[in-house]
Every structure is written in structure tokens, then in C-alpha cells.
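Here's a quick tour of a protein model for you. Have a look at the sequence and the 3D view first, then work through the points below.

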Amino acid sequence: MISKAGKALNGHLDHRNPLVFDTHELGRRPGALQRLTRSVDAPGSPALGIDGVIGVPEGAPVELDLRLESVMEGVLVTGTARASVEGECVRCLEPLRQEVVADFQEMFSYPDADDRGRSKAEPADDAEDDEDRFFIEDGLFDLEPVLRDAVVLALPMQPVCRESCAGLCSECGIRLDENPGHHHDAVDIRWAALQGLADTVQDGEKDNMGGAEAGVDEKQEK
């Protein structure tokens, strides 16, 4: 598994990728600000969202509003992503479509800011910290992993078509919203075995009665 730092430093970011942003215009003077808006196509493989549950379809538009702020260690990116997501209602299994708004904030560090961005009391070779950090490569940073995390956190884990959805009948699967009066006669399982025994006894009594009547008829004929 390649760390986030490794991906940033060795991935050779492509400036033509719509989710790769250039910080050269912002510069490295602390306090400099830049605001950007961009509409991008949702990436796929994997989908942008919760796989198999709900997500932004591949190629669907994602609207981004970003604020880039230059700081000593790198660039602080604050933003909002808006998109339409599609999925399946967990109650009635019908397709659903919703709007999602995902807010995020992430620091993208300069590769050479490692030493000057740390106090002398802090370790300079903490590999675990690097695993959780994002880096700028040749003035570029890739927003995709941050966007993926933000969208997943903004999505419902149990999506429903509407809060009042009644779901499906647990016995026959019929959609209850379309059949509000639908019900099944409840049978108490504690009496089910006794009912079966009673039916067996009744059937046996009928057979015995039938045999007795046949015997009476034979005597009368004699």
C-alpha cells in the first residue's frame, strides 16, 4: 500500500486532470488567498460514494467551491462539493436520487516544509504522520482523495427515498406505501403446534366415527 505522501511525491500529477490544482499563482507568501470554482466530472473505479449503496454516478457533474490559503507549511484548502447522488432505498428497494453537499478542509504540505514546519521538539522522521499527510508536487495537488472522503462522510449510511417510507411487507414483499391497508392475520406461534394436534385429533375422530357407522350398517343388514 502506497502512502498518501508517496502518491503525491511519486505519482507525477497531471495538470490536465480536473481534480489537480495549480498553486503557482497563489505563491508561497503566507496569508495569500485564492478562490476557485470548478465543475468536474465525477471519477469512477471506484465510484464516488459508498459502493453498492449510494454515490455520484461516474461522469456526473460535481460543483466545487474552493478557498486556497498559503501558510508556512503549505496550502490550506477549504471547500464545498455539491452533486446529485443515486442509490436504492433500504426500506422499499426503489431507486432514489438526492442532492449531497460535502464540506472539507485539508492541508497540502510542501515537500521541503517538513523540517521548517516542525518544532525541534518534534520528531522529523515520523512515518505514521506522513501516512496521514498530503503533499504538493511541483506546485500541484490532487483533490480527489480528499473529495472522496468528504462525500462518503456526507452520505447517509442507510438511504431512504423519504423518511416516512413504510418499506415492504416482511411476509410477502408488497410495497406498503402503495397498499396502506395491507396486513396478514397474525398467528401466535405458541398455539400453532396445539392447533396442529387438535386438527389431527379431529381427523382421527371422524375416521373412527366413519368406521362405527359402517359396523352398524352391517349388523342391520344381517
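Which residues line the second largest pocket? They are His 15, Val 20, Phe 21, Asp 22, Glu 25, Gln 34, Leu 36, Thr 37, Arg 38 and Leu 140. Keep in mind that this is a predicted model, so what follows is computed from a prediction.

**The big picture**

- The protein has four helices and nine strands.
- Starting at the N terminus, the elements go α-β-β-β-β-β-β-β-α-β-β-α-α.
- The protein has 222 residues, and 33% of them count as buried.
- If you take the contacts between residues at least 6 apart in sequence, 64% join residues at least 24 apart.

**The second largest pocket**

- This pocket holds about 150 Å³ of space.
- Two strands, E1 (20-22) and E2 (33-41), each supply at least two residues of the lining.
- E2 gives the largest share of the lining, with four residues.
- Sorted by class, the lining has four nonpolar, three polar and three charged residues.

- Thr 37 is one of the residues lining the second largest pocket, and you'll find Thr 37 in strand E2.
- Is Thr 37 buried or exposed? Thr 37 is exposed, because its relative accessible area is 65% and the cut-off for exposed is over 50%.
- Skipping its neighbours within four places in sequence, Thr 37 is in contact with Leu 64 and Asp 65.
- Thr 37 and Ala 81 are 44 residues apart along the chain, and their C-alpha atoms are separated by 10.0 Å.
- Thr 23 sits in the loop between E1 and E2.
- Thr 23 counts as buried, because its relative accessibility is 5% and buried means under 20%.
- Leaving out its neighbours within four places in sequence, Thr 23 is in contact with Val 75, Ile 136, Gly 139 and Phe 141.

**The largest nonpolar core**

- In soluble globular proteins, nonpolar side chains tend to be buried together.
- Here, the largest nonpolar core has 39 residues, and the ones that touch the most other members are Val 62, Leu 64, Val 77 and Leu 143.
- The elements giving two or more residues to this core are strands E3 (48-50), E4 (54-56), E5 (61-70), E6 (74-88) and E7 (95-109), plus helix H3 (144-154).
- What does Val 62 touch, leaving aside its neighbours within four places in sequence? Val 62 is in contact with Arg 38, Ser 39, Val 40, Ala 42, Leu 48, Val 56, Ala 81, Arg 82 and Ala 83.
- One name in that list, Arg 38, also lines the second largest pocket.

**Cysteines without disulfides**

- How many disulfides does a search of the whole structure find? The search finds zero.
- Take Cys 92: the closest cysteine sulfur is in Cys 89, and at 3.7 Å it is too far for a bond, because a disulfide needs the two sulfur atoms within 2.5 Å.
- Cys 161 is in no disulfide either, and the nearest cysteine sulfur, in Cys 165, is 3.7 Å away.
- Cys 92 counts as buried at 4% relative accessibility, whereas Cys 161 counts as partly exposed at 28%.

- Most residues other than glycine have a negative phi, and most peptide bonds are trans. Now look at the exceptions below.
- The peptide bond from Ser 45 to Pro 46 is cis, with omega near 0 degrees.
- Ser 45 is not a glycine, yet its phi is positive, near 55 degrees.
- Where are these two residues? Ser 45 is in the loop between E2 and E3, and Pro 46 lies in that loop between E2 and E3 too.
- Ser 45 is exposed, with a relative accessible area of 72%.
- Leu 93 isn't a glycine either, but its phi is positive at about 65 degrees.
- Leu 93 lies in the loop between E6 and E7, and with 46% relative accessibility Leu 93 counts as partly exposed.

Key
Residues are numbered from 1 along each chain as its sequence is written. This is a predicted model: local features need pLDDT of at least 70, side-chain atom pairs count only at pLDDT 80 or more; totals for chains, interfaces and linings use all residues. Side-chain values use heavy atoms; hydrogens and water are left out. A nonpolar core is a set of buried Ala, Val, Leu, Ile, Met, Phe, Trp, Tyr and Cys residues joined through side-chain atoms within 4.5 Å. Buried means under 20% relative accessible area, exposed over 50%, partly exposed in between (1.4 Å probe, protein chains only). Contact means heavy atoms within 4.5 Å. On a 1 Å grid over the protein atoms alone, a cavity is a set of points where a 1.4 Å probe fits but cannot get out, and a pocket is an open set with protein on both sides within 12 Å along at least five of seven lines; lining residues have an atom within 4 Å of a point. Grid points are joined across faces, edges and corners, and a volume is the space filled by probe spheres set on the points. Ala, Val, Leu, Ile, Met, Phe, Trp, Tyr, Cys and Pro count as nonpolar, Asp, Glu, Lys and Arg as charged, and the others, Gly among them, as polar.
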